[in-house]
Amino acid sequence: CEEYLDTQPQDELSGDQVYRNVYDADAAVLGIYGKFMGLASKYVILNEMRADLMTTTANSDPYLKELSEQNISAENPYINPKDYYVVIQNCNDALANFDIMLADKKFTQTQYDQRYADVACIRSWVYLQLGIQYDTFFYITKPIATIDDIKNISEYPRLSFDQLIDELVKFTEGL
């Protein structure tokens, strides 16, 4: 009976099945790009609709009309920053694991530098988009793996756009 209840999930990997070698790191980078591409429609709609570069039609959904009229309800899915934070969380996880892989000599310095800079720049761009769309937001640079990781909210500063630009410049120049 114990064996029946003690099964591994079939649709996800456990911690010891990821970040074992450079191929796992490349898979993580490709996964991040996949999530990143999922931001495309939201990016276009938020930027173009709010800038009056697009317009709605009689067939447009009510949420697009809200954006066009600058009269947005709390239920509007286009204004939810969750999709941005999914990409950021994936980036944070990869960056932290790349550091571990380098320390464990699973990477050469060149392999590390290429992948780290790639993912770090994606995260910076996503944060820039958050800054453009939202007044203030949480700046999270460490992976959140458990509920305990978010209990101390003071570890995640709430930044304004100007503060964000300073952080992003400092971080990106450090690459």
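Student: How are H3 and H4 oriented to each other, and why?

Tutor: This is a predicted model, where local features need pLDDT of at least 70, side-chain atom pairs count only at pLDDT 80 or more, and totals for chains, interfaces and linings use all residues. Residues are numbered from 1 along each chain as its sequence is written, and side-chain values use heavy atoms, leaving out hydrogens and water. The axes of H3 (residues 40-50) and H4 (residues 62-69) come within 8 Å and cross at roughly 40°. Angles under 35 degrees count as roughly parallel, over 145 as roughly antiparallel, 65 to 115 as roughly perpendicular and the rest as oblique, so H3 and H4 are oblique.

Student: Which residues of H4 does H3 meet?

Tutor: Contact means heavy atoms within 4.5 Å. From H3 come Ile45, Leu46, Met49 and Arg50; their partners in H4 are Leu64, Leu67 and Ser68.

Student: How many residues of this contact are nonpolar?

Tutor: One residue is polar and one is charged. The nonpolar ones number five.

Student: Which residues of H3 are buried?

Tutor: Buried means under 20% relative accessible area, with a 1.4 Å probe and protein chains only. The cover over them includes H4, H5 and H6. The buried residues are Lys42, Ile45, Leu46, Asn47 and Met49.

Student: Which residues touch the most other members of the largest nonpolar core?

Tutor: A nonpolar core is a set of buried Ala, Val, Leu, Ile, Met, Phe, Trp, Tyr and Cys residues joined through side-chain atoms within 4.5 Å. The largest has 39 residues, and those touching the most other members are Phe98, Val119, Val126 and Tyr127.

Key. Axes fitted to C-alpha atoms, helices over the stretch in contact; angles between N-to-C directions. Helix = DSSP H or I, 4+ residues; strand = E, 2+ residues; numbered from the N terminus. Nonpolar A, V, L, I, M, F, W, Y, C, P; charged D, E, K, R; others polar. Buried < 20%, exposed > 50% of the residue type's maximum accessible area, 1.4 Å probe, protein only.
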